[in-house]
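Please look at the sequence and the structure first.

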Amino acid sequence: MKVFDTPLGRMAVSATARGLTRVFLPNVGCVLCTHAEVTVGCVLCTHAEVAEALHVSAVLPEPDRAARALAARAELEILQYLAGRRRKFTVPVDLSAAPPFHGKVLRALARIPYGQTVTYGELAARAGRPHGARAVGQAMACNPVPLVVPCHRVVASGGGLGGYGGGLDLKRRLLGLEGVRFSAE
């Protein structure tokens with residue numbers, strides 16, 4: 001697990017030797033502050049007692065050198081993206097734990113270019129389930145690697161933002177960074 005500060009707040013990434021497995025967005029909730037990843041302790045802040053209480057060290061194996069290198073690469077690419085200096089992520093992503101349909105959705109999602117959006121329905125068609133917009137939304141809610149697999153680029157068919165696990169303010173900021181503008185909803 002690699003924890004780092006960004007212009008959006010503290011983030012974290014985890015990886016295996018095969019690729020990036022998790023991106024923890026800032027300000028998603030914690031029992032002691034504002035971070036939600038309670039299942040792995042509060043890796044995004046300094047509340048060591050949460051991690052200790054949840055026995056994080058017993059749950060998360062020590063990453064090998066290749067995993068640490070990929071986590072460091074992901075950190076660098078995320079920071080470059082947030083600074084407006086990167087439009088495409090090249091760090092490998094390990095989606096092997098995703099259910100088959102979720103994997104199809106996430107692979108289709110990864111092909112949405114920087115600065116462009118698609119609707120949930122369009123993404124469903126790209127993933128092979130043309131009438132599966134709701135299923136696509138559920139798959140995206142489980143996206144383990146937001147930003148790198150850009151679920152913020154999927155919007156509602158009526159022109160609204162739709163949802164986002166990091167909150168709509170963060171979704172607006174990310175789309176704005178990419179030059180996509182939305183009026184207040």
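## The sheet and its helices

The model contains an open sheet of three strands, in the order β1-β2-β3, with antiparallel pairing. β1 (2-6) and β3 (19-24) are at the edges and have a single partner strand each, so one side of each lacks a neighbour in the sheet. On average, neighbouring strands of this sheet are turned by 30° against each other, direction ignored.

This is a predicted model, in which local features need pLDDT of at least 70 and side-chain atom pairs count only at pLDDT 80 or more, while totals for chains, interfaces and linings use all residues. Residues are numbered from 1 along each chain as its sequence is written, and side-chain values use heavy atoms, without hydrogens and water.

Helices (H or I, at least four residues) and strands (E, at least two) are DSSP runs, numbered from the N terminus. Two strands pair if DSSP finds at least two bridges between them.

| Strand pair | Sense | Bridges |
|---|---|---|
| β1 and β2 | antiparallel | five bridges |
| β2 (residues 9-16) and β3 | antiparallel | five bridges |

β1 and β2 form a hairpin, with two residues between them. Phe 4 has Met 11 in β2 as its bridge partner, and Thr 16 has Gly 19 in β3.

Helix α3 (residues 65-82) lies across β1, β2 and β3 and runs at about 145° to β2. Axes are lines fitted to C-alpha atoms, for helices over the stretch in contact (heavy atoms within 4.5 Å); angles run from 0 to 180 degrees between N-to-C directions.
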